[in-house]
Amino acid sequence: MTRTLSLCIALLSSGIALLTSCSSGDKWHVKATINDANGKTALLEVSDNGRWNVLDSAIIGNDGKFSFDRMRTDYPDIYRITVEKHAVYFPVDSTETVSITADYADMDVKSSISGSKSAETMQQINDQIAQALSTATPEQVVNNADLKRNLALLVQDDWASISAYYLINKTIGNQRLFNPAIAFDRGIISAVANAYLNVKPNDPRTKLLEQLALSNRRNYGKGTPIQAVEIYFPEITLADFNKKEQSLSELWQKSKVTILNFTAYTAEESPALQLLLGEVYKKYHDRGLNIYQVGCDPEEYRWRMAAESIPWTAVYCAEEDASQLLRYNVTSLPTTFVIDASGEHIERVDDIATLDAIVAKYI
């Protein structure tokens, strides 16, 4: 087992340990201050496939303060605090303490949430939408191309985050901000769905996201098409043999089909894998196939000895870059994916013998 892969598995193991520990009493906390709401009842709610269920309640004090504590669940989730007809939404990843501050009169559109990276990202999403709504109608906001591009940039480092899930399910008025009937919007939705399929296949949201990504045939409004190219999968940027940074998304934009392969050249099965990749590359490269191969060998010099003569894009993943493997749920080497030209299909290759057939399907 390579040192890089060992680090990856160690990181995953620590995550499993955290999940195990939640059964022993780990909790998350939310501390809120809702001004001008003293004596009113605050409800803590969680969504279940679109239906909001009440988990707890509290009477807001004269100073506007109240709090809730709940047991950590297996997966991050979106919660909300409701006071009469007003609500504030917030994410919970693990056992953090989330802080919420708002004024009762406008808590729906103006609030402050903090305490975790997800909370900060959600705050940025809310701030940008609130800013857009301050000068435009809801109809104009849901068709604002620049706003959607900027919002997508906030979550593209981790399409499998709870913040990304929140973003693509955001509604303005009675319309979806990201509309599956629009190609760009559907691409962002697919990026999140594919990330959940690869990283969180058992998350209860994953099936819903997959259905949403395929729902472009439904009768959504036409919307305004957005002329833009965004990456629809976790980005990887690593150095090649010549120490030049190579981006997966840049190679994908030049390709009809992209093979993403994580491997170790020093592994026993590497020669056979390289031979198979070479055959597929030779067969389909002239038709638009490219390969982005991530070498995870423990010694860079041994990787360099093999990478010098490789005809496709080969990059090296050092130990400090091992977190990039986690984005694709890489727990063993080799691991291979096929990405189509739209970026909406990212297929994991479970049997490398089927690689030719999978590439042919997308070519």
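Hi everyone, let's start in the middle of the protein. The largest nonpolar core has 57 residues, and those with the most contacts inside it are Val-30, Ile-34, Phe-66, Ile-81, Phe-90, Ile-100 and Leu-177. By nonpolar core I mean a set of buried Ala, Val, Leu, Ile, Met, Phe, Trp, Tyr and Cys residues joined through side-chain atoms within 4.5 Å. Buried is under 20% relative accessible area, exposed is over 50%, and partly exposed lies in between, with a 1.4 Å probe and protein chains only. Helix α6 (residues 183–199) gives the most to this core, with eight residues. A second, separate core has 22 residues, including Ile-259, Tyr-265, Val-338 and Ile-358.

A word on what we are looking at: this is a predicted model, where local features need pLDDT of at least 70, side-chain atom pairs count only at pLDDT 80 or more, and totals for chains, interfaces and linings use all residues. Residues are numbered from 1 along each chain as its sequence is written, and side-chain values use heavy atoms, with hydrogens and water left out.

How confident is the predictor? The average pLDDT (the predictor's confidence in each residue, from 0 to 100) is 85 for the protein, and 88% of the residues score at least 70. Where pLDDT is low, the predicted coordinates should not be read in detail.

Now the overall make-up. There are 12 helices and 17 strands, taken as DSSP runs numbered from the N terminus (helices H or I, at least four residues; strands E, at least two). Of the 363 residues, 47% count as buried.

Back to Ile-34 for a moment. Leaving aside neighbours within four places in sequence, Ile-34 is in contact with Ile-60, Gly-64, Phe-66, Ala-102, Asp-103, Tyr-104 and Met-107.

Next, a hairpin. Strands β5 (residues 77–83) and β6 pair in the antiparallel sense over seven bridges; pairing requires that DSSP finds at least two bridges between the strands. Val-83 stands opposite His-86 in β6. Two residues separate the strands, and Glu-84 in the turn has a positive phi of about 55°. Six of the seven residues of β6 (residues 86–92) are buried, so this strand is largely enclosed by the rest of the structure.

On to the open sheet. Which order do its strands take? Five strands run β15-β14-β13-β16-β17, with mixed pairing. At the edges, β15 (313–316) and β17 (346–348) each pair on one side only. The twist averages 20° from one strand to the next. Inside the sheet, β13 (residues 257–263) and β14 are parallel over seven bridges, and Phe-262 stands opposite Val-294 in β14. Helix α10 (residues 300–307) packs on the sheet, touching β14 and β15, and its direction makes about 175° with that of β15. Those angles run from 0 to 180 degrees between N-to-C directions, with axes as lines fitted to C-alpha atoms, for helices over the stretch in contact.

Last stop: Thr-206, in helix α7 (residues 206–213). Is Thr-206 buried or exposed? Thr-206 is buried, with a relative accessible area of 2%. Not counting residues up to four places away in sequence, Thr-206 touches Tyr-196, Leu-197, Lys-200 and Pro-201. Thanks, everyone!

Notes: Contact means heavy atoms within 4.5 Å.
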